[in-house]
Amino acid sequence: MNIKISIAAALAASLLAMGAARADTPIYKWVDDKGQVHYSTEPHSDQAQQLEIKNSGTLPNPGDAPPPPPPGTPAAPASPANDAKLVNPKPDDSPACKAGRDRLFKYLHADSLYQLDDKGNKQPLPPAEKQKALDEARAYIVQACGGGA
C-alpha cells in the first residue's frame, strides 16, 4: 500500500475517531483517477461524497486552553509520520489537547491557510507564514498534550 495513502487514511481515521468535524464543516471523500483517496472540507470532484460524521465531542472551554507556547518553544519535528502521531487522539486528552490536535489536522489538510485582511477578505499565507503556523500548532500540541505523542 502506498505510504501516502496509509498516512492519509490514518489521519482521516483520526479525524473520524475524535469527532473533530464541527457540525458546520462538512468533510468530503473522493477517489481520483489514479485511485488515490482524498478527504477535504471542500468537494474537489463531482464524485466527492459528503461523509456523515456525528460529533459527540464537546468544544473546549476557553479557560482550559494553555497559553500559546513562549517564543522559541521547540515544535515537534515535521514529518508525515510524526504529524500522524501528533493528531492521533488519546483517551486521556484534555480539551485543550484535543483542540490542538484538531487544529493541526485541519491545517495539514487545508488547501491553503489564510488570514483575514482589514476588510475581512481571506489572504493566503505565504509559504514561510504557513510553515510558521504549522510549527506553532505542533508546539501547542507538545505543550498542551505533554509531548503530543
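Ala, Val, Leu, Ile, Met, Phe, Trp, Tyr, Cys and Pro are counted here as nonpolar, Asp, Glu, Lys and Arg as charged, and the others, Gly among them, as polar. The model is predicted, and under that scheme the lining of its largest pocket divides into 12 nonpolar, 5 polar and 5 charged residues.

The largest pocket has a volume of about 590 Å³. Of the 22 residues that line this pocket, Thr41, Lys106, Ala110, Ser112 and Leu113 are the closest to its centre. Two or more lining residues are given by each of strand 2 (37–40), helix 3 (95–109) and strand 5 (122–124), and the largest share, 5 residues, comes from helix 3.

Helix 4, which runs over residues 127–144, has 18 residues and reaches 26 Å from its first C-alpha to its last, close to the 26 Å expected at 1.5 Å a residue. Its buried residues are Ala133, Leu134, Ala137, Arg138, Ala139, Tyr140, Ile141 and Ala144, and what covers them includes helix 2 (80–87) and helix 3. Just after helix 4, Gly146 takes a positive phi of about 65 degrees.

A search of the whole structure finds 1 disulfide, which joins Cys97 to Cys145 with an S to S distance of 1.8 Å. The pair links distant parts of the chain, with Cys97 in helix 3 and Cys145 in the segment after helix 4, 48 residues apart. Because the torsion about the S-S bond of Cys97 and Cys145 is about 110 degrees, the disulfide is right-handed.

| Residue | Relative accessible area | Class |
|---|---|---|
| Cys97 | 1% | buried |
| Cys145 | 19% | buried |

Cys145, at 19%, counts as buried because the class takes residues under 20% relative accessible area.

Note on methods:
Residues are numbered from 1 along each chain as its sequence is written. This is a predicted model: local features need pLDDT of at least 70, side-chain atom pairs count only at pLDDT 80 or more; totals for chains, interfaces and linings use all residues. Side-chain values use heavy atoms; hydrogens and water are left out. On a 1 Å grid over the protein atoms alone, a cavity is a set of points where a 1.4 Å probe fits but cannot get out, and a pocket is an open set with protein on both sides within 12 Å along at least five of seven lines; lining residues have an atom within 4 Å of a point. Grid points are joined across faces, edges and corners, and a volume is the space filled by probe spheres set on the points. Helices (H or I, at least four residues) and strands (E, at least two) are DSSP runs, numbered from the N terminus. The expected span of a helix is 1.5 Å times one less than its number of residues. Buried means under 20% relative accessible area, exposed over 50%, partly exposed in between (1.4 Å probe, protein chains only). Contact means heavy atoms within 4.5 Å. A disulfide is a pair of cysteine sulfur atoms within 2.5 Å.
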